Amino acid sequence: MSARILEIEDIKVRYSGMPVLQGISLHVDAGETVSVLGANGAGKSTLLRAVMGAQPAFAGRILFEGREIQKLNTPDIVNLGIVYVPEEKMLFSPITVEENLLLGAYVLKDDERIRANLAFVYRLFPRLEERRRQPASTLSGGEQQMVAIGRGLMSNPRILMLDEPSLGLAPVLVDEVLDTVRKLKDEGMTILLVEQNVREALDLADRGYILQTGRIVGEGTGAELMASDEVKSAFLGL
Amino acid sequence: MEILASSIVAGLLFGMVLALVALGLTIIFGVMDIINFAHGEFLMFGMYTALLTSQALGIDPLLTLPLAALVGFLLGIVCYRGFITYILRGPMIAQLLGTFGLMLLLRNIALLVFGSEDRAVHQGLLVDKSFEMGLGIIVPATKLAGAGLSVVAFIGVWLLMTKTRMGKALTATALNPQGARYMGISTEKMNALAWGIGGASVTVAGALIVNFWPVNPYVGLLFTMIAFAIVALGGFGSVPGAFAAALVVGLITEIPGFWDFLTYTLEMDWMYDVPMTSFKYMWIYVAYFIIMVVRPRGLFGWKH
């Protein structure tokens, strides 16, 4: 049994009075890729934002490597090694691709490591190296997603949380982005992936959870979930 | 011809000082979308710092620049931490009225501490000296030094913001505060830093201006309005825009000089009777009005 990186215990989140998460528990172990699946509005993004301290949970605990973090603010959580790549990407659009990536390494002090991480990101996304001097806003949607993921990798995260990285991309780019996630997984990265692409996400994940209107309604290995009735009825239309 | 050339030179030199005056306003707006009505009061405190320290120690006001910068930096941080951070949680109107209240507070503290009379620098290395620049242009040494040092300070702050890790984090916060938090950048720290840098740059400007401009507790408002005009013209949040716009506004303050030039050239009697110098600063507001109607984004556009 490998070390537990992230453990979420019965968290509840309200959004302007409305319950969004109604007691969610899940965990991610070192080196695992865990997918959270659910329809729009199920609370997937809220879950990740709660971990980041951007959408505070009013009940429950969030443990990172055994330490309670649900009261910390976002920058402190990032400093611990939790990195969130938001669905909206939140790039710094007028500044260059490389400046965006370097801001991802803000929590690091060691220049040599920052350079090594930049080289790693450019190996992963050669297209970003070609475009490194371009403002991020001039990139295509797929390339911007690469910047967002690359920027997330710049700080050597202990866990990478990806929020719908394939959202709004053309099918060929969806495959490319998910292949990248697979590469990161093969490199031993711990990943919490929120996705609407059920088949691909389950295929990729070691384990998965199904989120429905703020509750976990199913969990298991990728293969188990793929065969489960909940997934078949809820997502695959079978 | 000399009048025209002198007016242009004087306008550009004053514009360079004004660029430093407006810099802090545009930085603070850029980082947290807040308009600081107390900006001119920071400048006033810079003027008093330079004047009183130089008189007390018997040194030239220019030597007090580091102290003025420190006072402005601390004043900015104290105002942010003690006050602004709370009103940021309120509605927009609270922010506007809040910095307006800060202006009144700082002004009345100055009245209480320094009294209401005008004070001016009478002694110093540069006072009453001037440079002959050719073409019959004579520039007071205080204004020349003020302009030169303003440009140096402006470039220094610009480099700080674009080349350092801290400055890049500040830029990231200006562009997308939530995105910056996800990078581990604390918005609170960056806001405080913006107020510190903004405060320091405008108090340094005040310490330069006091060499050729008398100070009283009410001096701030004029400079607040000038800085507003500059920031509106240059584009809210834009640093290069503020510099270019400040030169334009500097030239606008010399409109009476240009008028004199026209009067002497055209020799039309009625032109002599127009009391143009009395309306010296009116033209800044006229320009401000025209900018707001014609190009509200300013010359360089908004930060977004």
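## Crossing of H2(B) and H3(B)

Helix H2 covers residues 39-57 of chain B and helix H3 residues 65-87 of chain B, and the two pack at an angle of about 145° with their axes 9 Å apart. Axes are lines fitted to C-alpha atoms over the stretch in contact, and angles run from 0 to 180 degrees between N-to-C directions. Helices are DSSP runs (H or I, at least four residues), numbered from the N terminus.

On H2(B), the contact (C-beta atoms, placed from the backbone, within 7 Å) is made by Phe42(B), Phe45(B), Gly46(B), Thr49(B), Ala50(B) and Thr53(B). H3(B) contributes Leu67(B), Ala68(B), Val71(B), Gly72(B) and Leu75(B). These residues divide into 7 nonpolar, 4 polar and no charged. Ala, Val, Leu, Ile, Met, Phe, Trp, Tyr, Cys and Pro count as nonpolar, Asp, Glu, Lys and Arg as charged, and the others, Gly among them, as polar.

## Interface with chain A

In chain B, 14 residues are in contact with 16 residues of chain A. Helix H6 (165-175) and helix H7 (177-181) of chain B each give two or more residues to this side, and H6(B) gives the most, with 5 residues. By class, the side of chain B has 6 nonpolar, 6 polar and 2 charged residues.

## Val152(B)

Val152(B) lies in helix H5 (residues 141-163) of chain B.

## Basis of the description

Residues are numbered from 1 along each chain as its sequence is written, with chains lettered from A and ligands numbered from 1 in the order in which they are written. In this predicted model, local features need pLDDT of at least 70 and side-chain atom pairs count only at pLDDT 80 or more, whereas totals for chains, interfaces and linings use all residues.

How values were computed. Two residues are in contact if their C-beta atoms, placed from the backbone, lie within 7 Å.
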